[in-house]
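Colleague: Before I rely on any of the terms used for this complex, I would like to go through them one at a time and hear what each rests on.
Modeller: Then let us look at the structure together and set each value against its definition.

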Protein chains: 2
Amino acid sequence: MTTIMKGAPVAAWMKETLEEELAALRRKGIEPRLAVVRVGARPDDLAYERGALKRFEGLDIGAQVFEFPENIDHETFAAAFAKIDALPDVHGILLFRPLPGRLDEDAIKKMIDPLKDVDGMSPFSAAKVFSGDESGFAPCTPSAVMEMLDHYGVELAGRNVAVVGRSMVVGRPLAMLMLRRNATVTICHTKTKNMDAICKNADIVVAAAGKARMLSPAFVSGRSVVVDVGINVDENGQLCGDVDYDAVSPLVSMISPVPGGVGAVTTSVLAKHVLKAAALLNG
Amino acid sequence: MTTIMKGAPVAAWMKETLEEELAALRRKGIEPRLAVVRVGARPDDLAYERGALKRFEGLDIGAQVFEFPENIDHETFAAAFAKIDALPDVHGILLFRPLPGRLDEDAIKKMIDPLKDVDGMSPFSAAKVFSGDESGFAPCTPSAVMEMLDHYGVELAGRNVAVVGRSMVVGRPLAMLMLRRNATVTICHTKTKNMDAICKNADIVVAAAGKARMLSPAFVSGRSVVVDVGINVDENGQLCGDVDYDAVSPLVSMISPVPGGVGAVTTSVLAKHVLKAAALLNG
């Protein structure tokens with residue numbers, strides 16, 4: 001019997017701890033609050049924003065959206081971003097990226113207070129994740145993968161993990177989070193040869209390639225734990241992951257679905273990071 | 001026949017390019033110069049310093065040592081370091097670490113101008129190496145491994161590389177440099193299980209574990225390319241690497257010795273980085 005690692009129970013499990021942490025902060029007079037910064041109105045940004053606001057409302061944590069027009073110039077946006085960053089009652093900032101081309105995204109990423117960088121976009125956060133320093137924030141998606149594996153009791157120390165994908169929002173930081181937990185990590189990508197064999201030999205496979213249903217039965221064995229980070233739309237307009245779920249799920253030990261898997265955990269991680277930021281900023 | 005990958009031919013090969021780059025800088029009126037910053041007088045720091053000064057003299061590149069007493073306090077040292085960092089005729093800084101405990105090493109690492117950070121110690125450099133941005137400096141040792149493999153014509157794209165060790169001075173940045181070259185990288189460490197099998201299955205094994213002669217014949221095959229980054233002193237006071245060289249070298253395709261291997265290339269990389277820094281600072 002394959003264990004289906006759904007995201008909702010993970011979010012529910014996290015909620016208990018988050019509520020305790022929130023209560024502890026409030027006892028110290030701290031009211032945590034997230035700023036969502038959005039330039040333009042891309043449909044996927046709006047969808048994520050709705051999900052985040054709903055999650056924060058359910059957790060009774062404050063969140064405010066700062067929206068800017070698509071055609072804003074860099075100087076105006078940078079000045080506005082600096083103001084938001086400096087607000088004493090804002091403890092975390094989520095900035096939707098990529099920013100429109102006329103904005104200097106690298107410059108903005110450097111501006112954020114690393115203590116408020118709850119989606120791990122600044123070079124300071126990246127350097128901390130790279131070095132294994134737990135005080136730095138990793139992006140929410142790889143952190144959500146770790147929460148999911150923890151919730152479902154998947155041991156990591158000494159186990160072989162294949163991460164498929166090497167982006168700075170999932171693959172690379174995930175490899176470092178796995179390393180911090182003493183897993184042995186192999187980072188696979190488009191140029192990897194025999195990727196199916198490498199994944200099949202791993203205990204845990206995380207698919208973050210951004211390619212619909214690329215992970216076929218050849219990539220797994222009966223003991224595989226498969227986490228699917230992909231969010232793709234197939235040729236029929238259907239939402240699907242990087243794993244060929246129907247073919248793979250009967251063959252493995254554990255698997256996360258898409259939708260309803262990792263994606264359902266990321267906003268809980270965002271809330272966790274905001275509470276951590278609020279504690280650090282007042283620490 | 002095993003190919004012995006000695007460092008000296010790599011340094012000689014690099015010298016040609018470095019001399020061309022130096023001449024090109026001088027035509028623009030730029031005179032590259034390294035500052036070596038040393039606190040105290042640890043024997044291994046002094047040994048490395050001597051090697052670096054000799055290398056720079058041989059390349060006709062300027063280098064100056066700034067020495068500070070072991071018991072200097074943080075404020076005094078930080079102020080002096082800031083002054084050195086700001087010198088317009090200093091293009092690169094090598095700071096010996098670890099610093100004595102009374103100094104805040106993390107604070108000093110953040111102070112260095114990232115463009116002068118020729119040994120890749122700042123978080124900005126680390127973040128760039130992590131993300132695959134070639135404008136950031138990696139530490140000299142992992143860069144020397146790449147120079148060695150390039151000189152000896154070892155193909156990296158699509159090949160499986162096992163990196164043994166996960167330090168911020170070798171293992172982690174090396175994994176990222178390998179990834180940049182499209183290798184498939186597995187990072188092994190003390191908690192890795194079946195490390196011998198993982199290394200044996202890899203095309204290229206880099207030993208950076210800091211454990212004398214730990215890499216035995218069980219870790220290699222006839223097609224292995226073995227790079228030894230270790231510098232250890234064995235129970236007889238003999239310098240040795242992380243590879244059991246006598247037992248392993250007859251069995252593999254290529255291997256680097258210790259001493260006379262990677263260690264002989266690091267100061268050439270330091271020079272290369274200083275020239276790159278001089279170009280970036282004047283670019």
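Modeller: We can begin with the contact between the chains, where 21 residues of chain B are in contact with 21 residues of chain A; the coordinates come from a predicted model.

Colleague: What makes two residues count as in contact here?

Modeller: The C-beta atoms, placed from the backbone, have to lie within 7 Å, and by that criterion 21 residues of chain B are in contact with 21 residues of chain A. Helix 5 (123-131), helix 7 (171-180) and strand 6 (184-188) of chain B each supply at least two residues of the side of chain B that touches chain A, and helix 5 of chain B gives the largest share of that side, six residues.

Colleague: How do the residues of the side of chain B that touches chain A divide into nonpolar, polar and charged?

Modeller: That side of chain B holds eleven nonpolar, six polar and four charged residues.

Colleague: What relation do chain A and chain B have to each other, and how do you know that it holds?

Modeller: Chain B can be laid on chain A by a turn of 180° with a shift of 0.0 Å along the axis, and the RMSD is 0.0 Å. That is the relation of a two-fold axis. In chain B, the C-alpha nearest the axis belongs to B:Thr186, 2.0 Å from it. The same surface serves both copies, since 100% of the contact residues of chain B recur in chain A.

Colleague: How do you know that strand 6 of chain A and strand 6 of chain B pair?

Modeller: Pairing requires at least two bridges found by DSSP, and three bridges join strand 6 (residues 184-188) of chain A to strand 6 of chain B; the pair is therefore counted under that rule, and the two strands run antiparallel. Within this pair, A:Thr186 stands opposite B:Thr186.

Colleague: Which sheet do those two strands belong to, and what makes strand 1 of each chain an edge strand?

Modeller: They belong to an open sheet of twelve strands in the order 1(A)-11(A)-8(A)-7(A)-5(A)-6(A)-6(B)-5(B)-7(B)-8(B)-11(B)-1(B), with mixed pairing. Strand 1 (3-4) of chain A and strand 1 (3-4) of chain B each have a single partner strand, so one side of each is left without a neighbour in the sheet. Elsewhere in this sheet, strand 5 (residues 160-164) of chain A is joined to strand 6 of chain A by five bridges and the two run parallel, with A:Val164 opposite A:Cys188. Helix 7 (residues 171-180) of chain A lies across strand 5, strand 6 and strand 7 (204-207) of chain A together with strand 6 of chain B, and runs at about 170° to strand 6 of chain A.

Colleague: What is the strand order of the three-strand sheet in chain A, and why are strand 3 and strand 4 of chain A at its edges?

Modeller: The order is 3-2-4, in an open sheet with parallel pairing. Strand 3 (62-68) and strand 4 (92-95) of chain A stand at the edges because each has a single partner strand, so one side of each is left without a neighbour. The twist averages 20° from one strand to the next. Strand 2 (residues 33-39) of chain A pairs with strand 3 of chain A in the parallel sense over seven bridges, and A:Val39 stands opposite A:Phe68. Helix 3 (residues 74-86) of chain A packs on this sheet, touching strand 2, strand 3 and strand 4 of chain A, and its direction makes about 170° with that of strand 2 of chain A.

Colleague: Which peptide bond of chain A is cis, and where does its proline lie?

Modeller: The bond from A:Val258 to A:Pro259 is cis, with omega near -5°, and A:Pro259 lies in the loop between strand 11 (254-255) and helix 10 (266-281) of chain A. In chain B, a cis peptide bond joins B:Val258 and B:Pro259, with omega about 0°.

Colleague: What confidence does the predictor give chain A and the complex?

Modeller: Chain A averages a pLDDT of 97, and 100% of the residues score at least 70; for the complex, the predictor gives an ipTM of 0.95 and a pTM of 0.96.

Note on methods: Residues are numbered from 1 along each chain as its sequence is written. Chains are lettered from A and ligands numbered from 1 in the order in which they are written. This is a predicted model: local features need pLDDT of at least 70, side-chain atom pairs count only at pLDDT 80 or more; totals for chains, interfaces and linings use all residues. Helices (H or I, at least four residues) and strands (E, at least two) are DSSP runs, numbered from the N terminus. Ala, Val, Leu, Ile, Met, Phe, Trp, Tyr, Cys and Pro count as nonpolar, Asp, Glu, Lys and Arg as charged, and the others, Gly among them, as polar. Axes are lines fitted to C-alpha atoms, for helices over the stretch in contact, and angles run from 0 to 180 degrees between N-to-C directions. pLDDT is the predictor's confidence in each residue, from 0 to 100. Copies are superposed by least squares on the C-alpha atoms of residues with pLDDT of at least 70 in both.
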